[in-house]
Amino acid sequence: FECPTDKKSINIQSLMTHSSGLHPHIQLYNVCNTPHDALDTILNSELFYPVGTRVEYSCMGYILLGKILEKVSGKSLDTLAGQYVFSPLEMNKTGYNPAADPKLSSLECVCEEYSPHEQKYIEGVVHDENARFLGGVAGNAGIFSTIDDVCKFALMLSNKGVYGGNK
């Protein structure tokens with residue numbers, strides 16, 4: 001894949017700091033035929049502003065970050081999150097797609113929203129339409145957790161990346 005010229009100065013830092021210039025939101029679920037089209041759609045969209053000139057939250061940037069991680073590692077984003085974040089922090093009730101994951105099926109998920117399209121309340125399924133279109137696993141949305149697991153994550157952050165004596 002050849003990166004479009006206007007995107008060549010986008011780097012990991014600009015994606016993480018929301019200064020990449022990528023659009024805040026593209027309705028991938030409306031413009032892509034399949035989830036595999038998402039990367040091309042993001043990379044071929046016009047920049048919202050020149051790279052590095054301002055900061056504006058971008059779901060597209062975080063979806064792209066997730067895709068980069070998958071490409072570099074050869075593993076899915078949910079596998080990477082489990083291996084490098086959730087497992088080391090003993091976050092045993094955290095993950096993606098709890099309605100479909102036996103490990104998380106015991107989670108009592110709150111209803112995220114009412115879906116007029118599905119004519120029901122969404123529960124145990126990511127509310128973000130793009131993340132749902134991408135199979136419930138995306139860099140911008142999709143993680144479900146418990147307060148106990150979130151506290152473990154917060155404890156690690158407050159200890160400068162250390163949890164249980166491990167960095």
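His18 is located in the loop that joins helix H1 (12-16) to helix H2 (28-31), where helices (H or I, at least four residues) and strands (E, at least two) are DSSP runs numbered from the N terminus. The structure is a predicted model, in which local features need pLDDT of at least 70 and side-chain atom pairs count only at pLDDT 80 or more, while totals for chains, interfaces and linings use all residues. Residues are numbered from 1 along each chain as its sequence is written, and side-chain values use heavy atoms, with hydrogens and water left out.

His18 counts as buried because its relative accessibility is 13%, the term buried meaning under 20% relative accessible area, exposed over 50%, and partly exposed in between (1.4 Å probe, protein chains only). When residues up to four places away in sequence are not counted, His18 touches Tyr49, Arg54, Val55, Glu56, Tyr57, Ser58 and Tyr62, a contact being heavy atoms within 4.5 Å. A polar atom of the His18 side chain lies 3.1 Å from the backbone nitrogen of Ser58.

In soluble globular proteins, nonpolar side chains tend to be buried together. In this model the largest nonpolar core has 24 residues, and those with the most contacts inside it are Leu15, Leu22, Leu28, Ile42, Met60, Ile63 and Leu134; such a core is a set of buried Ala, Val, Leu, Ile, Met, Phe, Trp, Tyr and Cys residues joined through side-chain atoms within 4.5 Å. Helix H3 (38-44), H4 and helix H6 (129-133) each supply at least two residues of this core, and the largest share, five residues, comes from H4. A second, separate core of nine residues includes Leu77, Ala81, Phe86 and Tyr96.

Leu28, which lies in helix H2, counts as buried because its relative accessibility is 0%. With residues up to four places away in sequence not counted, Leu28 touches Ala38, Thr41, Ile42, Met60, Ile63, Asn130 and Phe133. The C-alpha atoms of Leu28 and Ala131 are separated by 9.2 Å, although these residues are 103 residues apart along the chain.

In helix H5 (residues 77-86), the buried residues are Leu77, Leu80, Ala81, Gly82 and Phe86, and they pack against helix H4 (59-73), strand S1 (95-96) and strand S4 (143-144). H5 also supplies the largest share of the lining of the largest pocket, namely six residues, and H1, H4, H5 and helix H7 (147-158) each supply at least two. This pocket has a volume of about 560 Å³, a volume being the space filled by probe spheres set on grid points that are joined across faces, edges and corners. On a 1 Å grid over the protein atoms alone, a pocket is an open set of points where a 1.4 Å probe fits, with protein on both sides within 12 Å along at least five of seven lines, and lining residues have an atom within 4 Å of a point. Of the 24 lining residues, Leu77, Val85, Tyr96, Gly139 and Ile143 are the closest to the centre of the pocket. The lining divides into 19 nonpolar, five polar and no charged residues.

Glu90, in the loop between H5 and S1, has a positive phi of about 55 degrees although it is not a glycine, and it is partly exposed, with a relative accessible area of 44%. Lys160, in the segment after H7, likewise is not a glycine and has a positive phi of about 55 degrees; at 70% relative accessibility, Lys160 counts as exposed.

Definitions and conventions:
Nonpolar A, V, L, I, M, F, W, Y, C, P; charged D, E, K, R; others polar. Polar contact = N/O pair within 3.5 Å; in protein donor to acceptor, adjacent residues only side chain to side chain.
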